[in-house]
Structure formats: structure tokens, C-alpha cells
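Me: I am new to this structure and would like to go through it in short questions. Please show it first.

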Amino acid sequence: MIAGSAHQISIDAIRIKLDLGEPLSFDEGLHLYENVDIHTLGELANSVREKLHGRDAYYNINLHINYTNYCVLRCKFCSFYRPFAKENAHDRNSAEDGGDGYELSVEEIVSRAKRAYSAGATEVHMVGGLHPKTPFSYYTDVCSAVKKACPHMHIKAFTAIEIIHFSRIAKPRLSIEQVLVQLREAGLGSMPGGGAEIFDDRVHEETFKNKVGETEWFEVHRVAHELGIFTNATMLYGHVETPAERIKHLIKLRDHQEASLRQRKAAFNCVVPLSFVPDHSQLSHLAGPSGLDDLKTLAISRLMCPNIPHIKAFWIMQSPKLAQVSLNWGVDDIDGTVVYYDITKREGGGGTTHQELSVDDLKRLIVESGCKPVERDTLYRRVIRDEDRWQVEGEGWSVPIEPAENSYPLDNPNHLVELRTNAEENRAS
Ligand code: V47
């Protein structure tokens, strides 16, 4: 057992622990941040990644829908939320919300989901702000309507924070378990990992003090795992937190996973380290993490959480090229086609919410990194395709539906991400 301050720790001892599958201590994690060069980090993280997944790298075909940006919270890192104009519910697109507050109808959500499903998407990822007026029935209606229109599509939706909000606004109030059971009956398949931010009282107080904290976040994921609902886990890094606070966060995720694997019906599928995007938030004076910090954090997430099967680089936040590099630094999943993402926008692309990679783009990124592309579903099962049908092993083929009406501006693409990989540049020259 290695104890004491970081300078007493040897990389050989860390290597032995990793080979034996033993968890690294807090001091060892901090040592990785403070004293270990990026090449050694890559080598260590890659060895854990390859033990779990060989050279396979996962992607999926999905669509994100952010159904409202109205939110009762005012998190300092968030540029997505708009305050809800209380006085005049019929004139909400007013100065108070900056003129761009929105809420999507069930019909609009179904129409978007159908369009993606008919184009081959296996997953819809839905999250949004905490809307003060929308009743809980809206969320169950959304799930059942999407499921009816797109029967094989997996619904991954609602962060732990939203689940707690629903339990409070439901009339009569519901327990977390009742909320999750009702959502699952309506079609919910699994939950994303958002809302975790950094599990630390100081950071909570400074950046998201009105949001429920770690006790409640873990409570929701515990109940979900007990019910057999798989979930993900995020860490929002690169704002006011320290490396030590990141390591503590990762250890808390690892401990929760240990308990879930031991005594619950489901567990975390992946850790999603989210790179802070400062633009237009109350923390816009901060620089955000560097590319090197992104790479280190992804690698250290892999090393600190060996019991969580997957590490996802969400290319929207880390960028496609960094996500590509990270496939040799512990990451095995680069998420999916996404299409629209409203929560963060980088100004480079004019701030558009259309943020999409094609399947060819995703595969090319993976192949160029020396890995093998594997299309997965939300639960990391391999997807088999046959023309316009798909299936995962043990389940029936999807039933193709008619192409949906073009209800939103996909035909006017203003791509934020201009994917100019080396191969493309070579072809162009
Ligand atoms: O909870 C908010 C984060 C999260 C900013 O589970 C920001 O597969 C960076 O959780 N800069 C929502 N991040 C997104 C999320 C997610 C995304 C992709 C995949 C999965 C998954 C989950 O976005 C929020 C918050 O932590 N966030 N503002 C920002 N300025």
C-alpha cells in the first residue's frame, strides 16, 4: 500500500496495481495529474482500455433533443438556461428570457424522433431545463409518444436533477422510485449522466448552489440501478474545481459503481468527462480546459474508474480531433451523430445548434486513430445492419418507418463542425 504525499509514489507501483486490477488511491490519482507526463498517462490508460475493449472503438447513431431551455436554476457554468417570465405565460418569448426561450410540443419531439429513426438512429437522448410549469404528464407523454412512433428506438432521457424536479412537481408528489417506474412504463430505456458536475461542497456553492447536490444525484442513480435502469455518469471539469476535486469525484463514482455491481440490477455504463465551454456563461472570463487537460482528464478517468466499462469523449465538447486522439488515451467511445445540441455552442460555427457528424465521419475518425469502429446501441450491444433494418443480438429487427416530414431545418445545414481530418485535407490538395 502506497501512502502519504504524492512524491513518494512510484509509477511502477501504479502499473502493478493497474495490472492486478486494484483501485488507485486518491494520492495516486493526484500524482497522475501533477507529476506524470502525458505519454506515460496514455500508455497506462491505453493498457486498461485494451484489456477491456482491445482496439474496438464505439459510436452510435443518435439524436439529441433539448426540449426546453426554460429553467428554474441559474447555474453559473450554464449558457443554455433562460429564465421563465412568470407574469405573462402567453408572452414568454419576451425580453426577460432574451427572446430565445423555447419549449417543444410533444408533436414536435415525435416528429424529430421519427425523422432520425427513419434515417437509422437507434437512440434519442432527451434532456432539458427544469421548467416551472410543465406537468409531469408531459414527460410520460413524450416517452410514450416517441415509443409508439419509433418502436425500436431507445429512449435515454432525463438527468438525475430532472427526476428530482419531476418528483416535486408531480401532483400528488411522487417518490424517485415512482417517477422512474412511471417513466419506464412510458418507454424510458436508460438515463444519461448529466447534472453531476463536481461532487464537492465548495464547487457546488460557487457554481451551482441552487441545484441539488451529490447526495440526491447518487440517490437517483442508486434507485435507477436497483430498478434495473442503466445510467451514465458525467464530470464537468475545467471551471473552478481543482485536480484534487476531480479525483475525489471519480472515486465517488467508482465507489457507487462497486456497490451497484455487487448488489443492484444495473450500474453505470460509462463515465462522460465533459469539458467546460465558458462561452456566454457567467464564467465566461475563464479560459476553459486546454487540449492537454482534456486528454489528461480522459486518461485519468479511465485509470481511476476501472470498474466502469466505458469512457466516452463527447466530441461536441472535446472536439472531434481531440476525441480522436483520446482513443489512444483510455477512451473507447466517441458518442454519436448527435445532430442538434443546444446546451453548448461554440462561436467558431456562428453559434449554431446544428452539430452533427455523419456515420462516415465517425468511422473515419476511429479508423485514423488505429481502432476498429463498432456501432453500438445505448447499452453497448453491437448493432447489426441490413439495408434499412437493424438489430442487436437476441432482439428482433427494427421495423423501418416512412421517412418523416422535414419539420425542422435539417435541409439548411450550417455545420458547426467542419471536419477537416488529415485524410480529407490530403484528398483536397
Ligand atoms: O448536466 C452545462 C453540462 C450536461 C455546460 O450521458 C456543460 O451519454 C460544458 O450530461 N460546458 C448535459 N458542459 C450533457 C450531458 C451529456 C452529454 C453527452 C452525453 C451524455 C451521456 C451526457 O452538460 C449538464 C452539465 O453538466 N454543461 N453547461 C458548459 N458550459
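Me: Strand E1 (residues 56-60) is joined to E12 by how many bridges?
Reply: The model is predicted: local features need pLDDT of at least 70, side-chain atom pairs count only at pLDDT 80 or more, and totals for chains, interfaces and linings use all residues. Residues are numbered from 1 along each chain as its sequence is written, and side-chain values use heavy atoms, with hydrogens and water left out. Strands (E, at least two residues) and helices (H or I, at least four) are DSSP runs numbered from the N terminus. E1 and E12 run parallel, and the bridges joining them number four.

Me: Which residue in E12 is the bridge partner of Asp56?
Reply: Two strands pair if DSSP finds at least two bridges between them. For Asp56, the bridge partner in E12 is Lys372.

Me: In what order do the three strands of the open sheet with E1 stand?
Reply: The pairing in this sheet is parallel. Strand E9 (333-336) and strand E12 (372-375) are the edge strands, each pairing on one side only. From one strand to the next, the twist averages 30 degrees. The order is E9-E1-E12.

Me: Which helix packs on that sheet?
Reply: The helix touches E1, E9 and E12. Its direction makes about 165 degrees with that of E1, where angles run from 0 to 180 degrees between N-to-C directions and axes are lines fitted to C-alpha atoms, for helices over the stretch in contact. Contact here means heavy atoms within 4.5 Å. The helix, residues 359-368, is H14.

Me: How many residues of strand E2 (residues 62-66) are buried?
Reply: Buried means under 20% relative accessible area, exposed over 50%, and partly exposed in between (1.4 Å probe, protein chains only). In a regular strand the side chains alternate between the two faces of the sheet. In E2, Asn62, His64 and Asn66 point one way and Leu63 and Ile65 the other, and all are buried. The count for E2 is five of five.

Me: At what angle do helix H6 (residues 160-169) and helix H9 (residues 214-227) pack?
Reply: Ala160, Ile161, Ile163 and Ile164 in H6 meet Glu216, Trp217, Val220 and His221 in H9. The axes are 9 Å apart. H6 and H9 are therefore roughly perpendicular, a term for angles of 65 to 115 degrees. The angle is about 90 degrees.

Me: Is Pro151 buried, partly exposed or exposed?
Reply: Pro151 sits in the loop between helix H5 (136-149) and strand E4 (154-157). Pro151 and Val399 are 248 residues apart in sequence and 7.9 Å apart in space, C-alpha to C-alpha. With a relative accessible area of 40%, Pro151 is partly exposed.

Conventions. Parallel < 35°, antiparallel > 145°, perpendicular 65-115°, else oblique.
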